[in-house]
Each structure stands twice: as C-alpha cells, then as structure tokens.
Amino acid sequence: FQAMCEEILSTAGVLDKFIGDCIMALWNAPRRLQGHRSAACRAALRMQSALVRLNEGRSHEELPEVRFRVGINTDRVLVGNYGCDHRVGYTALGDGVNLASRL
C-alpha cells in the first residue's frame with residue numbers, strides 16, 4: 001500500500017481507511033481543495049504508473065502481477081467524525097461514496 005498512499009498524499013488526498021485490499025481516500029475534505037477532481041484523477045494515473053514499477057520488481061522475483069482498479073466519483077457527501085461510544089473515525093458517508101466503491 002505504501003506506493004499507492006504516497007501518490008494519494010502527493011495530490012493532497014486524505015487517506016481515510018483500508019478496507020480489505022481497498023484504500024479509501026478523499027479530496028476536498030476536511031479542507032476545500034481547488035481542482036480536487038483533477039487531483040483525484042492525477043492520483044489514479046500516478047498509482048497506475050507506480051503499479052507498473054512495482055510489478056516490474058515483482059517479475060524479477062517471480063511473484064504474481066498485482067492488479068487494481070480505481071473508482072472516482074464527485075458528489076455531496078457527509079464528512080466528519082462518525083461512530084459510536086466505543087469507536088469514532090473520520091470518514092465520508094453517502095450514496096456518492098457507495099457509488100465510487102462500485103465503479
């Protein structure tokens with residue numbers, strides 16, 4: 001995940017959470033970010049390039065190729081600290097988040 005996280009952070013993305021083999025990231029929150037749509041797309045393209053480099057190194061070690069996909073969606077969602085008395089976390093909620101996870 002390190003290489004992918006670096007690309008997200010380099011475009012002013014915020015790492016939200018890891019869900020299985022998924023990285024959830026946000027742009028334009030908690031602070032407004034001009035060009036957040038473009039920043040998310042740049043991160044996706046940079047992640048693809050990072051994966052090519054990663055797989056080149058893995059092929060020398062005879063390890064299987066790693067593949068991934070990216071879902072990007074822009075929508076109005078709820079962003080903040082959500083949870084219960086036992087656990088609270090900063091995240092985004094709403095239909096737009098669910099749609100991005102399915103793209």
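1. Helices (H or I, at least four residues) and strands (E, at least two) are DSSP runs here, numbered from the N terminus. With that in hand, α2 gives the most to the lining of the largest pocket: 8 residues.

2. A word on the source: this is a predicted model, where local features need pLDDT of at least 70, side-chain atom pairs count only at pLDDT 80 or more, and totals for chains, interfaces and linings use all residues. Residues are numbered from 1 along each chain as its sequence is written, and side-chain values use heavy atoms, with hydrogens and water left out.

3. Now the charged pairs. The structure has 2 salt bridges (a side-chain nitrogen of Lys or Arg within 4 Å of a carboxyl oxygen of Asp or Glu). In one, Glu 7 pairs with Arg 53, with the closest N and O atoms 3.9 Å apart. Glu 7 sits in helix α1 (residues 2-10) and Arg 53 in helix α2 (residues 36-60), so this pair ties together parts 46 residues apart in sequence.

4. Asp 16 and Lys 17 make a salt bridge too, their closest N and O atoms being 3.5 Å apart. Asp 16 is buried at 14% relative accessibility, while Lys 17 is partly exposed at 31% (buried is under 20% relative accessible area, exposed over 50%, partly exposed in between; 1.4 Å probe, protein chains only).

5. Which elements each supply at least two residues of the lining of the largest pocket? They are α1, β2 (22-26), α2 and α3 (95-102).
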